Amino acid sequence: MTDRSTSPPRPIPAAAHPTTAHASPGIGGWAREYAADLHRFLSKRRFIESDIKDVCQEVYLRLLRFERTEVIQNPMAYLFRVAANVAHDFRLRQAQWTPLEAEQLEEPATEPGPEQLLDIEYRNRRLAEMLATLPPLSRAALVLQSQEELTYEEIAARLGVTRRVVKRAIARGYALAREALAQDGVI
């Protein structure tokens with residue numbers, strides 16, 4: 001009988017080891033086989049659950065970048081070495097983070113995100129296109145009302161028409177605008 005503490009582990013040939021035949025199946029097999037161990041490994045290092053998931057994801061991404069899995073003789077040890085390195089990098093990045101104040105956590109984001117900016121840009125472009133298709137009197141009345149916030153009387157004075165004509169032009173403009181925007185799915 002051999003003393004396990006002093007003798008080095010016998011390497012398993014790559015062809016005989018089921019997890020080292022190809023990079024993707026090997027890595028996938030390691031991920032499934034050692035997921036619970038990796039989770040315990042990281043939780044002992046006082047990571048919170050969401051950070052554990054982030055670190056695990058980064059570990060698997062790094063493993064997927066490694067193309068020669070057949071040279072790895074001890075997949076579990078290699079996985080934990082990569083996890084230790086990723087955890088260390090994560091802690092270094094985490095040390096540079098600045099915590100938010102309690103007031104900042106309660107405030108909603110004031111600036112729109114990229115998706116919202118694209119949506120706003122699309123809606124504004126579509127609104128400008130739609131305004132260009134309106135009759136001139138309706139377009140002018142709507143612009144004066146919405147952008148300059150003028151009353152019907154002030155719009156009538158500017159355009160040289162009666163208050164009643166302004167009211168009809170605005171109503172017609174809104175109806176045509178709703179119809180055009182509803183067809184495009186903008187509203």
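Analyst: Start with Leu-134. Beyond its neighbours within four places in sequence, Leu-134 is in contact with Arg-139, Leu-142, Gly-173, Leu-176 and Ala-177. Contact here means heavy atoms within 4.5 Å. This is a predicted model, in which local features need pLDDT of at least 70 and side-chain atom pairs count only at pLDDT 80 or more, while totals for chains, interfaces and linings use all residues. Residues are numbered from 1 along each chain as its sequence is written, and side-chain values use heavy atoms, with hydrogens and water left out.

Where is Leu-134? It sits in the loop between α5 (114–133) and α6. Helices are DSSP runs of H or I with at least four residues, strands are runs of E with at least two, and both are numbered from the N terminus. Leu-134 counts as buried because its relative accessibility is 4%. Buried means under 20% relative accessible area, exposed means over 50%, and partly exposed lies in between (1.4 Å probe, protein chains only). One partner deserves a second look. Gly-173 is 39 residues from Leu-134 along the chain, yet 6.6 Å separates their C-alpha atoms.

Two packed helices are described by the angle between their axes and the distance between the axes. Helix α6 (residues 136–146) packs against helix α8 (residues 163–184) at about 95°, and the axes lie 8 Å apart. Axes are lines fitted to C-alpha atoms, for helices over the stretch in contact, and angles run from 0 to 180 degrees between N-to-C directions. The angle therefore makes α6 roughly perpendicular to α8. The cut-offs are these: under 35 degrees is roughly parallel, over 145 roughly antiparallel, 65 to 115 roughly perpendicular, and the rest oblique.

Which residues make this contact? Ala, Val, Leu, Ile, Met, Phe, Trp, Tyr, Cys and Pro count as nonpolar, Asp, Glu, Lys and Arg as charged, and the others, Gly among them, as polar.

Now move along the chain. Glu-149 lies in the loop between α6 and α7. Its phi is near 55°, a positive value in a residue other than glycine. Is Glu-149 buried or exposed? Its relative accessibility is 67%, so it counts as exposed.

Next comes α7, and α8 has contacts here too. Helices α7 and α8 pack at an angle of about 105°, with 8 Å between their axes. So α7 is roughly perpendicular to α8. Tyr-152, Glu-153, Ile-155 and Ala-156 of α7 meet Arg-163, Val-166, Lys-167 and Ile-170 of α8. This contact has 5 nonpolar, no polar and 3 charged residues.

The loop between α7 (152–159) and α8 holds Thr-162. Thr-162 counts as partly exposed because its relative accessibility is 45%. Its C-alpha atom is 8.8 Å from that of Tyr-152, 10 residues away along the chain.

For contrast, look at another part of the chain. Ala-83 lies in helix α3. It is buried, with a relative accessible area of 0%. Not counting residues up to four places away in sequence, Ala-83 touches Leu-38, Phe-41, Leu-42, Val-55 and Val-59. Phe-41 is also in an aromatic pair, with Phe-80. The pair is tilted, with 4.9 Å centre to centre and 45° between the planes. Rings of Phe, Tyr and Trp (its six-membered ring) pair if their centres lie within 6.5 Å; planes under 30 degrees apart are stacked, over 60 edge-to-face, and the rest tilted. Phe-41 is in helix α1 (residues 23–43) and Phe-80 in helix α3 (residues 75–95), 39 residues apart. Both Phe-41 and Phe-80 are buried.

Last, the whole protein. It has 8 helices and 0 strands. Of its 187 residues, 26% count as buried. Among contacts between residues at least 6 apart in sequence, 59% join residues at least 24 apart.
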